[in-house]
Amino acid sequence: MKIRLFCNAGMSTSLLVEKMKEAAKAEGLDADIVAYPLNELDRHIEGIDVALLGPQVGYQKKKSKQIADKHNVPLDVISMTDYGRINGKAVLEQAKKLIFSKR
């Protein structure tokens, strides 16, 4: 499962990525989770299962979704609550729901 998170600079999301990796490991999931700056979305969208935007760039959802749709990649915005609480388990669940909804 290839999950990519996109935010302003790719740095603020690194702690959330680690929490998501811990949650995936606890579930026995093989998850490749990485964060990038939003301006690199088009370079990292190919071959992934889901793209999630940090809430601070949620206003870019429409534009980002157009890119993701071209690659058949589901995309959504992480909830402000889960992001703020660094709730890796909840964000992983959001990613899984998006992945399985496209199948």
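Student: How many salt bridges does the structure hold?

Tutor: This is a predicted model, in which local features need pLDDT of at least 70 and side-chain atom pairs count only at pLDDT 80 or more, while totals for chains, interfaces and linings use all residues. Residues are numbered from 1 along each chain as its sequence is written, and side-chain values use heavy atoms, leaving out hydrogens and water. A salt bridge is a side-chain nitrogen of Lys or Arg within 4 Å of a carboxyl oxygen of Asp or Glu. By this criterion, the number of salt bridges in the structure is seven.

Student: Which residue forms a salt bridge with aspartate 32?

Tutor: The closest N and O atoms of this pair are 3.0 Å apart, and the partner of aspartate 32 is arginine 4. Aspartate 32 lies in strand β2 (residues 32-37) and its partner in strand β1 (residues 2-7), so the bridge ties together parts that are 28 residues apart in sequence. Strands (E, at least two residues) and helices (H or I, at least four) are DSSP runs, numbered from the N terminus.

Student: Is arginine 4 buried or exposed?

Tutor: Buried means under 20% relative accessible area and exposed over 50%, with partly exposed in between (1.4 Å probe, protein chains only). Aspartate 32, at 32%, is partly exposed. Arginine 4 has a relative accessibility of 6% and therefore counts as buried.

Student: What separates lysine 21 and glutamate 18 in helix α1?

Tutor: Their side chains meet in a salt bridge, at 3.8 Å from N to O. Lysine 21 is partly exposed at 35%, and glutamate 18 is partly exposed at 40%. Because the two are three residues apart in helix α1 (residues 14-27), the separation is about one helical turn.

Student: Which side chain of opposite charge is nearest to aspartate 82?

Tutor: Aspartate 82 is found in helix α4 (residues 80-84), and is buried yet has no salt bridge. For charge, Lys and Arg count as positive and Asp and Glu as negative; His and the chain ends are not counted. At 5.9 Å, the nearest side chain of opposite charge is that of arginine 85.

Student: Which residues does lysine 96 contact, leaving aside its neighbours within four places in sequence?

Tutor: Lysine 96 is found in helix α5 (residues 88-101), and its relative accessibility of 14% is why it counts as buried. Contact means heavy atoms within 4.5 Å. With those neighbours left aside, the residues in contact with lysine 96 are Met1, Glu27 and Leu29.
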